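Please read it alongside the coordinates.

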Amino acid sequence: MQNAKLSTQQYHCSPPKPQKQKAGLTSSLLMASSSLFHPTPPSFCQNPKPKSVPQATQLISFPTITCSSNSSSSSSAAANSSPSPSPSFSPSPHKNRRPADENIRDEARRNAQSHNFSAKYVPFNADPNSTEFYSLDEIVYRSRSGGLLDVQHDMDALKKFDGDYWKSLFDSRVGKTTWPYGSGVWSKKEWVLPEIDGDDIVSAFEGNSNLFWAERFGKQFLGMNDLWVKHCGISHTGSFKDLGMTVLVSQVNRLRKMKRPVVGVGCASTGDTSAALSAYCASAGIPSIVFLPANKISIAQLVQPIANGAFVLSIDTDFDGCMQLIREVTAELPIYLANSLNSLRLEGQKTAAIEILQQFDWEVPDWVIVPGGNLGNIYAFYKGFKMCHELGLVDRIPRLVCAQAANANPLYLYYKAGWKDFRPVKANTTFASAIQIGDPVSIDRAVYALKNSNGIVEEATEEELMDAMAQADSTGMFICPHTGVALTALIKLRNSGVIGPTDRTVVVSTAHGLKFTQSKIDYHSNNIRDMTCRFANPPVQVKADFGAVLDVLKTYLNKASRH
């Protein structure tokens, strides 16, 4: 496969003038949809930054992606071209259905255009004068000094388009089946993995998850009227890990086509990472290898990689032990490392932050609370919010809260010590099994995100997180224990007055509650040692007798009428 090259072409200085037509939502949507498939040809100009104009009254030319086998020829052609005014514009005809023998990848290929966006690996939080960087097509996980890497985008190229442009672009792609933009991740492709060809992308149209107004929970338990839950667990494999895995596996797919030494992809997992990895690898026909800590994940989590054909190793250790082993193995064998040590995944995960802003019509919430284990996600959210701020989509970023289980709380202890003398801990068993991690890989990333967002770290005991989960479920949700950790952090911050009653607050729910049904069964059966289970709701045993059933129902209705 030939490497993707960048074109030197630029886009219009300003969007084409709006056409006169009947006002109305339908006509506006048709126009925006039309521009996805019939983009205006690029032209050169003195000032390539588009002017801000109302989205509902104009057509917008959107950059899309193609691969070029010869960057020098395209650069030469661009250099020899003389600037010309934007061509006259007329409304595109209504788009007919694509030809019967053409699929959505074919359609995307036919409509692709060049762009000048790029990204590369750089050392995380490096000195501004550092010259160390790596192509995303290199297989590298650490900097020369052994530190973490970060994906750095060409912000100057992205800034040639203003905030209103990007908002209009992202908004126009929501809910579409256009490849690959129907995905909540790839609808932000220019900010995620700009140089990858659409043919290499592996996507289940993940993302676009529900932002749920937790009206009753907020009012009844917290006295809040603007509480929201971002249900990232309503996704292809039931967790937020899909957001990052679509990016990582897509890049692996590209590397394999480039004949790079990658036979399979491997990860250590507490459950959700392995589910996402195995599903996306299965979709692309790439072997997946999973290291799981024996007897430490739910059956629902275990069955996912097995069903998707992964090679599963159940290892007699905890997650940290599995992580150490997979790092050693990937250093010796042609297995690509898929854990969040690999910064590609964070590029997908950051789109959940962008999506939150988008769902609030680009208004910034006051607080965002994220459960934390290996700690890549809190940095991913920071990065998404920070990019939106830097590129002019919003005027500030929210305050971030990282919530940890008390049984696996190294970040919390570090925070309480004033960010002095970080020490890993031996993680104890927690119902929030996906964050049962005592030596998080992304500790430096998390600290950076929290310091730069005036952030806070809180913790939740086992009883607190299970009670919070039960309370949330009683108001119509069905959340995972990790979301219970985040809700506990919210309850504590609300009770202490740090979070106010009118603060717009988003709690990130990282996995679907159906993955953790056994913990719910144990709670509602009062079957958890040393736990009161205050909100347990066990079934009532009653004889198959009309009178007995009537008596039980009368008692229940009398109690219900008093609430």
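How many cavities of 30 Å³ or more does the structure hold?

1. The model is predicted, and the structure holds 6 cavities of 30 Å³ or more. The largest cavity contains about 260 Å³ of space.

2. Which residues lie nearest the centre of the largest cavity? They are Phe240, Lys241, Gly373, Asn374 and Ala434, out of 24 residues that line this cavity.

3. Three helices each supply at least two residues of that lining: H9 (272-284), H12 (344-349) and H14 (376-390). The largest share comes from H14, which gives 3 residues. Sorted by class, the lining of the largest cavity has 10 nonpolar, 11 polar and 3 charged residues.

4. Turning to the open spaces, the largest pocket has a volume of about 960 Å³. Its lining is made of 39 residues, and those closest to the centre of the pocket are Lys120, Val122, Val151, Gln152 and His153.

5. H14 gives the most to the lining of the largest pocket, with 6 residues. By class, the lining of the largest pocket has 18 nonpolar, 8 polar and 13 charged residues.

6. The second largest pocket holds about 510 Å³ of space. There are 22 residues in its lining, and Ser298, Thr430, Phe431, Gln518 and Ser519 lie nearest the centre of this pocket.

7. Helix H10 (299-307) and helix H19 (517-524) each supply at least two residues of the lining of the second largest pocket. Which helix provides the largest share? That share, 4 residues, comes from H19. Gln518 and Ser519, both listed nearest the centre of the pocket, lie within the range of H19.

8. How does the lining of the second largest pocket divide by class? The residues are 8 nonpolar, 10 polar and 4 charged.

Definitions and conventions:
Residues numbered from 1 in each chain as written. Predicted model: local features only at pLDDT ≥ 70, side-chain atom pairs only at ≥ 80, totals over all residues. Heavy atoms only, no water. 1 Å grid on protein atoms, 1.4 Å probe; cavity = no way out; pocket = protein on both sides within 12 Å on 5 of 7 lines; lining within 4 Å. Points joined across faces, edges and corners; volume = space filled by probe spheres on them. Nonpolar A, V, L, I, M, F, W, Y, C, P; charged D, E, K, R; others polar.
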